[in-house]
Amino acid sequence: MEVYVDELISSSLVIVPNERGAYPSSQIHDLVHDFCFRKARKEKLFDFISSSAPSSSSSDLMPRAMTIHYDQHFLHSDENFVLFNAEKENPYVKHILSLKVYMNDDGEYGKRYYLSSNCHLRHLRLLKRLELRQIILTDSLLNEIGMLVYLRYLNIRMEAQALPPSFSNLLNLETLLVDNRGSNMVLSPSIWSLAKLQHVDIYTCSFFDLYTDEPTVLEEDSKLENLRILHSLNHSYSNEDIFKRFPNIRSLKFNIREPWDCSSERMSFPRLDLLNELEEVYAQLHCSPFSKHAPEDQYCDFHFPLSLKELELTNFNLTSDSLLKIARLPNLQDLCL
């Protein structure tokens, strides 16, 4: 992606108004924008639906991508949401490859939005990209998403306690983004079949249930070799070797949660030095209020790979030995302690 962006910048088609850093931004010239817009309409690349102007959608366009702005009234209108109604004839549905639906206003996060019972997703068979970030999805709609086997990019909001079993059908999925604030999501076993997965970013998740004493069992060949980004994992001591199953990971964000009965002064930090592609680590320690040791009395053995470029450690007690290990990382560029 960066190579493509650099080529566009060098051709003066994309303008970078500020230095490219942690939050790079770019824009295109008005004339280039107008040309792209006309070309996109001619090639039927997208359509746009707004609750203030529902007539802007035309079925004869047969767009490959569609963006929908909605408000609460628009969300429950069968007339405007005919796209989601499997019972009505939708001549352009089979052409849609990308669908993005989001709120028309600046509603607060606490507001809860649902699709009406008449809305379905299962007939959008060729979808490769789906964004429903501000809509809470029911179990039935999540199961319907599991039928969209061509999906490559999925960005949704859900309250489920586990990744739906139907998601194991999404064998082409490369990016999974889930907003599940307020609950931890268990990823196993569905996620292990998603061999093409490259980017997983979930507000809080774990591969196994953190609140059971049952042993975790995985097949020896259960790996996600294409995974590059994994945020934000709740890591427990019983799953210390879980990171070995992502041999090519580059960016890792996780929380270490101390067990309730922990009585050891030395905390268990996962061995990351076996991950030769790892460049970014963001780790935070969460101590139990019932711990026999105060956070400042607990220490970790750190093992980082030489490839590491960015490191952020929160709530860890750092000894001179651990600081020395960090100081010896030859490629480290950004450090936050």
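Reader: Is R181 buried, exposed or partly exposed, and what is its relative accessibility?
Author: In this predicted model, R181 has 45% relative accessibility, so R181 counts as partly exposed.

Reader: Which residue does R181 form a salt bridge with?
Author: The partner is D179, and the closest N and O atoms are 3.2 Å apart.

Reader: And D179, buried or exposed?
Author: D179 is buried, because its relative accessible area is 17% and buried means under 20%.

Reader: Why can side chains pair like that?
Author: Side chains of opposite charge can pair when their charged atoms come close.

Reader: How many salt bridges does the count come to?
Author: The count comes to 6. Among them is the one between E279 and K309, at 4.0 Å from N to O. E279 sits in the loop between β11 (266-267) and β12 (280-286), and K309 in the loop between β13 (299-300) and β14 (310-314), so this pair ties together parts 30 residues apart in sequence.

Reader: Which residues are linked in a network of salt bridges?
Author: R129, E131 and R133 are. The side chains of E131 and R133 meet at 3.5 Å, N to O. E131 is buried at 5% relative accessible area, while R133 is partly exposed at 36%.

Reader: New topic. Which residues form a nonpolar patch on the surface?
Author: L126, V149 and Y150 form one, with about 250 Å² of accessible area together.

Reader: Where is Y150?
Author: Y150 lies in the loop between α4 (139-145) and β5 (153-157). Y150 is partly exposed, with a relative accessible area of 43%.

Definitions and conventions: Residues are numbered from 1 along each chain as its sequence is written. This is a predicted model: local features need pLDDT of at least 70, side-chain atom pairs count only at pLDDT 80 or more; totals for chains, interfaces and linings use all residues. Side-chain values use heavy atoms; hydrogens and water are left out. Patches are made of residues with over 30% relative accessible area and no salt bridge: like charges are joined within 9 Å, nonpolar side chains (Val, Leu, Ile, Met, Phe, Trp, Tyr) within 5 Å. Accessible areas come from the Shrake-Rupley method with a 1.4 Å probe; for residues, only the protein chains shown count as cover. Helices (H or I, at least four residues) and strands (E, at least two) are DSSP runs, numbered from the N terminus. Buried means under 20% relative accessible area, exposed over 50%, partly exposed in between (1.4 Å probe, protein chains only).
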